[in-house]
Amino acid sequence: MDPVQIRILEKAEELFLKYGYSKTKMEEIASSLKISRKTLYKYYSNKQDLMEFYMDHKQSEIQKIIQEIADDETLTAVQKFSKMHRSLVEESPYVMNDLFIREISEMFPQHMERFKKRREKEIPESIGKIFNMAKMKGELRDGFMPEVAVHLFLSSIEMILSNKNSITIPLNIHEFQLEVVNVIFYGVLKR
């Protein structure tokens, strides 16, 4: 991807988050980048094309980060798990803001569904890789069930990103994310 395309995506994301998808105009993106509309339309034929490319690019970016974490041999399983959880929350387009999420969910349901299906496939594979390595190193207790931990992991991310939980938790997202990792790896009982 060339530098102009990267700048366009970054500016589009900034404006989509600030004003919402429907209120952001292609002309505003071009003028705020100090490029011509012709240059912008050279890369994206319309705003929908730009949004679809942005969503695909964001998803690929997230998967690349997850894979790098899973492959990082300098981190322990707990560190990988924690870093992966934090990255998914911070990098996800779902965490942006409610208006943005509502709009893209309504206007791009097929992309949101594809994003969800890809997440449901690729994340468990990456987490499974972490657990398998930890098991080979003897870091996990006997009888540990990775499927349960993967489910808890994905459910906690979904809860954070949906922002629809009725329970008020006196923690910020990062503190909550760290506590989820601690509960999954260390449990709740004093040892």
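## Aromatic pairs

Phe-81 and Phe-131 are both buried (under 20% relative accessible area, 1.4 Å probe, protein chains only). This is a predicted model, where local features need pLDDT of at least 70, side-chain atom pairs count only at pLDDT 80 or more, and totals for chains, interfaces and linings use all residues. Residues are numbered from 1 along each chain as its sequence is written, and side-chain values use heavy atoms, without hydrogens and water.

There are six aromatic pairs (ring centres within 6.5 Å). Tyr-44 is buried, at 1% relative accessible area. Phe-81 and Phe-131 are also tilted, with centres 5.6 Å apart and planes at 45°. Phe-81 lies in helix 5 (residues 77–91) and Phe-131 in helix 7, so this pair ties together parts 50 residues apart in sequence. Helices are DSSP runs (H or I, at least four residues), numbered from the N terminus.

## Helix 1 on helix 4

The axes of helix 1 (residues 3–19) and helix 4 (residues 47–71) come within 10 Å and cross at roughly 100°. The two helices are therefore roughly perpendicular (65 to 115 degrees). Axes are lines fitted to C-alpha atoms over the stretch in contact, with angles from 0 to 180 degrees between N-to-C directions. Contact residues (heavy atoms within 4.5 Å) include Phe-16 of helix 1 and Lys-47 of helix 4.

## Around Tyr-21

Phe-16, Tyr-21 and Phe-108 form one aromatic cluster. Lys-47 lies over the face of Tyr-21, 4.5 Å from the ring centre (NZ within 6 Å of the centre and within 35 degrees of the ring normal).

How values were computed: Parallel < 35°, antiparallel > 145°, perpendicular 65-115°, else oblique. Phe/Tyr/Trp six-rings, centres within 6.5 Å; stacked < 30°, edge-to-face > 60°. Buried < 20%, exposed > 50% of the residue type's maximum accessible area, 1.4 Å probe, protein only.
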